[in-house]
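These are my notes from going through one model.

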Amino acid sequence: EGEHMAKILSYIMAVFILVPVIAPSVGSLVLAVSGWETIFFVIAGFGIVASLWVIRLPETLPAERRVPLSFSKLALGARAVVTSRYAVGFTLAQTFMFGFFASYLASSQLIIEDVFGLGDWFPIIFGAQAALLGTGMLFNPRLLDRFGLRRVLRIVLTAYFGASLLFAVIGILTEGTPPFWLFMAGLAPILVSHAFVIPNLNSAAMIPMGNIAGTAAAVIGSTATLGGAVIGAILDRTYNGTTLPLMLGSALVCGIGYGFYRWADARWESATAENLSPVA
């Protein structure tokens, strides 16, 4: 729970974020030795290996804390999550901020190619950005040790919101066509902040959910991922051949997410003292 969970999630998500650094190279290697159809067989092969690996993983939850798998138990656990202002607030904050990240992932190649004419450099640019995210997540546990989860969230989310506002101002002043170096300079602090925001928001939302951690993780994770994907898709549809929609969208969705964070943080003391167990 709490800061220990945030540390573990940081390492897990660092690996998840660093995958895009490796994936283009693997794809290029496959294409170099075979046709594009082989990509799908490689993906299927990885899926089979992962499935077989999962089978050998033991259950680590003590028997007395295991919840029987049933719809009624899952429904009770989900209800505990969605009726907690604290958990809902942090989940929605994560959802909106992930929405910007999803939009960035989907539109970055188009922007690099169309706006800046650097399509050939995209794998290197994208890989460097992913490495920046992964490095930030690996550094996150040190910040948690020094400042604690709540203080880190307060500092990073304030910086994240400020960086998104600055990013939007750059977009307005340049009419969506800033020099590449200025675009990257405005984007970099947002990406660095994002590396700290996502694992810590997720961990904060889970603090009072220790007894229903599995169900809570499913509800929080699926809501943030699916909701963020929808928000990102909406932002992507506003693309007009410039960077302005992405830059303005960053301030909008990060501002909304920051508002939900403040709304939930007001209940920090009371919520973190709880440990919900509606399925016992």
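I started at Phe183. Setting aside neighbours within four places in sequence, I found Phe183 in contact with Ile111, Phe116, Phe167, Pro178, Thr243, Leu246 and Met247. The model is a predicted one.

I then looked up the nonpolar cores. The largest of them has 64 residues, and Phe183 is listed with Phe90, Leu153 and Leu157 as having the most contacts inside it. Helix H7 gives the most to this core, with 13 residues.

Next came the cavities. I counted two of 30 Å³ or more.

The largest cavity has a volume of about 50 Å³. Phe183 turns up again in its lining, along with Tyr104, Ser108, Ile111, Ile112, Ile125, Gln129, Met184, Leu187 and Leu246. Of these, Ile111 and Leu246 are also contacts of Phe183. Helices H4 (85-115), H5 (122-147) and H7 each supply at least two lining residues, and H4 gives the most, with four.

I listed its lining as Ser103, Ser107, Leu235, Asp236, Tyr239, Thr242, Pro245 and Leu246. Leu246 was already on my list for the largest cavity. Here H4, H8 and helix H9 (244-265) each supply at least two residues. The classes come to four nonpolar, three polar and one charged.

I turned to Ile234, which lies in helix H8 (residues 213-236). Is Ile234 buried or exposed? Ile234 counts as exposed, because its relative accessibility is 53% and the cut-off for exposed is over 50%.

Backbone entry: Glu175 has a phi near 55 degrees, a positive value in a residue other than glycine. I placed Glu175 in the loop between helix H6 (149-173) and helix H7 (180-206). Glu175 is exposed, with a relative accessible area of 64%.

Last, confidence. The mean pLDDT of the chain is 85, and 94% of its residues reach 70 or more. Over residues 276-280 pLDDT stays under 50, and for that stretch the model has 15 contacts beyond four places in sequence.

Methods
Residues numbered from 1 in each chain as written. Predicted model: local features only at pLDDT ≥ 70, side-chain atom pairs only at ≥ 80, totals over all residues. Heavy atoms only, no water. Buried < 20%, exposed > 50% of the residue type's maximum accessible area, 1.4 Å probe, protein only. Core = buried A, V, L, I, M, F, W, Y, C linked by side-chain atoms within 4.5 Å. Contact = heavy atoms within 4.5 Å. pLDDT = per-residue confidence, 0-100. 1 Å grid on protein atoms, 1.4 Å probe; cavity = no way out; pocket = protein on both sides within 12 Å on 5 of 7 lines; lining within 4 Å. Points joined across faces, edges and corners; volume = space filled by probe spheres on them. Nonpolar A, V, L, I, M, F, W, Y, C, P; charged D, E, K, R; others polar.
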